[in-house]
Amino acid sequence: MTGGVGIKFSGSATIDGTPLFMPITLDIKPNEWTCLLGPSGVGKTTVLREIAALDTAVDFDGSITTSDTKPLTDRVAYMAQNDLLFPWLSVLDNICIGAKLRGKSADLERAKKLLDWVGLTNHRSKKPKALSGGQRQRVALARTLMEDRPVILLDEPFSALDAKTRAEMQELSAELLTGKTVLLVTHDPAEAARLGHSVYVMEQDGLQAVDMPTSPPVRAVDDPETLTTQGALFRILRGTVQ
């Protein structure tokens, strides 16, 4: 697919003069999933939030450019690790919250279609407390899709789910985000090996690209090439491979 938005993130970050990460260059290809792994505290979420133009506690020295040279304003949707649902709103109202916060009318037909896609049609009037963790994440995914942005930033959105639900959410997200430019921050090498077209390991002193399987995502969890990539990522994260 052509016509998507590619992003190049180049720069470094400090907190009160102390380096968070040294200069890095991250190429996020259009219409693909780019996965970013690394230990806690190296600045992965900071990269996401800088791209999304959200507040951070760092001083960023660098640039964020797009393949079409247009600004990213109003072209990014962000899905956090926590579902961040409003507990007093119904599932349907949570999905439509973006438009309402902008003072616009929500497209209810689109919202209902998204609910059908994520398998929650019968739950649209429920409050979040009545849902399971996996169902809440499906609502959060539907809310992200409701924004219909070409760039999707995912910050460990599946890490709190059990293995079965996590695999289902990975597959559903890959299907529904086809054609989007996706940057996924994850601590899970298996997730990155399954979902990534490109995978980078981030450390304080730079990025390391990882060779990916020849098969396209979403890959089978027991695919030999996927398991090889997963193992390579584990070794890099543990510092046993340079």
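Tutor: We will take salt bridges first, then strand pairing. Keep in mind that this is a predicted model.

Student: What is the general idea behind a salt bridge?

Tutor: Side chains of opposite charge can pair when their charged atoms come close.

Student: How many salt bridges does a search of the whole structure find?

Tutor: The search finds eleven. Let us look at some of them.

Student: Which residue forms a salt bridge with Asp 68?

Tutor: Arg 75 does. Their closest N and O atoms are 2.8 Å apart.

Student: Is Arg 75 buried or exposed?

Tutor: Arg 75 counts as buried, because its relative accessibility is 15% and the cut-off for buried is under 20%. Asp 68 has a relative accessible area of 28%, so Asp 68 is partly exposed.

Student: Which residue pairs with Arg 102 in a salt bridge?

Tutor: Glu 147, with the closest N and O atoms 2.8 Å apart. This pair links distant parts of the chain, 45 residues apart. Arg 102 sits in the loop between α3 (97–101) and α4 (108–117). Glu 147 sits in the loop between α5 (133–146) and β6 (151–155).

Student: How accessible are Arg 102 and Glu 147?

Tutor: Arg 102 is partly exposed at 43% relative accessible area. Glu 147, at 18%, counts as buried. There is also a network here: salt bridges link Arg 102, Glu 147 and Arg 149.

Student: Where are the residues of the salt bridge between Arg 138 and Glu 168?

Tutor: The side chains meet at 3.9 Å, N to O. Arg 138 is in helix α5, and Glu 168 is in helix α6 (residues 163–176). The two residues are 30 apart, and the pair links distant parts of the chain. Glu 168 is partly exposed, with a relative accessible area of 30%.

Student: How many bridges join strand β1 to strand β2?

Tutor: Eight, and the strands run antiparallel. β1 covers residues 7–15, and β2 covers residues 18–28. Phe 9 stands opposite Leu 26 in β2.

Student: What does Asp 16 do in the hairpin of β1 and β2?

Tutor: Asp 16 takes a positive phi near 50°. The hairpin has two residues between its strands.

Student: How many bridges join β1 to strand β4?

Tutor: Eight bridges join β1 to β4 (residues 59–66), and this pair runs antiparallel. In β4, Gly 62 is the bridge partner of Gly 11.

How values were computed:
Residues numbered from 1 in each chain as written. Predicted model: local features only at pLDDT ≥ 70, side-chain atom pairs only at ≥ 80, totals over all residues. Heavy atoms only, no water. Salt bridge = Lys/Arg side-chain N within 4 Å of Asp/Glu carboxyl O. Buried < 20%, exposed > 50% of the residue type's maximum accessible area, 1.4 Å probe, protein only. Helix = DSSP H or I, 4+ residues; strand = E, 2+ residues; numbered from the N terminus. Pairing = 2+ DSSP bridges.
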